[in-house]
Amino acid sequence: QSNEELFVTPLAVPTIPARHYFVFGKPISTQDVHHKDKEACQTLYMDVQDELKRGLVDVLEAREKDPFKESVGRLAYEKITGKAAPSFPIEELNN
């Protein structure tokens, strides 16, 4: 019986990259908010939080509607047509 430990190397399986979705919300000005005004800071914080949540919801909904969200179908389309697979219309965001 051996007291040596058995070393097993980790196995990494490469995956096909997924489509990434990005959304940029409306600009929010902080110019008129004084850093010592707790109420104004809290209001600003809530506005930023609401805008961020809305952007995430929009992107998640758009991803579900994306006919090429799956890598295999998207890569096959791009290989066959020589064009980037279309995504969702930008007009669907931030409605």
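Analyst: R19 and D66 are both buried; buried means under 20% relative accessible area, exposed over 50%, and partly exposed in between, with a 1.4 Å probe and protein chains only. These two residues form a salt bridge, and their closest N and O atoms are 2.7 Å apart. The term stands for a side-chain nitrogen of Lys or Arg within 4 Å of a carboxyl oxygen of Asp or Glu. R19 sits in the segment before helix 1 (38-65), while D66 sits in the loop between helix 1 and helix 2 (71-81), so the pair ties together parts that are 47 residues apart in sequence. Helices (H or I, at least four residues) and strands (E, at least two) are DSSP runs, numbered from the N terminus.

A word on the source. This is a predicted model, in which local features need pLDDT of at least 70, side-chain atom pairs count only at pLDDT 80 or more, and totals for chains, interfaces and linings use all residues. Residues are numbered from 1 along each chain as its sequence is written, and side-chain values use heavy atoms, with hydrogens and water left out.

The whole structure holds 4 salt bridges. Side chains of opposite charge can pair when their charged atoms come close.

Now to helix 1. R54 forms a salt bridge with E51, with 3.0 Å between the closest N and O atoms. R54 and E51 are 3 residues apart in helix 1, so about one helical turn separates them. R54 also forms a salt bridge with D58, with the closest N and O atoms 4.0 Å apart. Here the spacing in helix 1 is 4 residues, again about one helical turn. Through shared partners, E51, R54 and D58 join into one network.

How covered are these three? R54 has a relative accessible area of 30%, so this residue is partly exposed. E51 is buried, at 10%. D58 is buried too, at 9%.

Helix 1 itself has 28 residues. From first C-alpha to last, helix 1 reaches 41 Å, close to the 40 Å expected at 1.5 Å a residue; the expected span is 1.5 Å times one less than the number of residues. E51 and D58 are listed among the buried residues of helix 1, together with L44, G55, V59 and A62.

F68 counts as buried because its relative accessibility is 16%. Y77, at 29%, counts as partly exposed.

Last, the whole chain. The chain has 2 helices and 0 strands. Of its 95 residues, 16% count as buried. The C-alpha trace spans about 70 × 55 × 20 Å along its principal axes. The radius of gyration is 23 Å, whereas a compact globule of 95 residues would have one near 12 Å. That radius is taken over C-alpha atoms, and the globule rule is 2.2 Å times the number of residues to the power 0.38.
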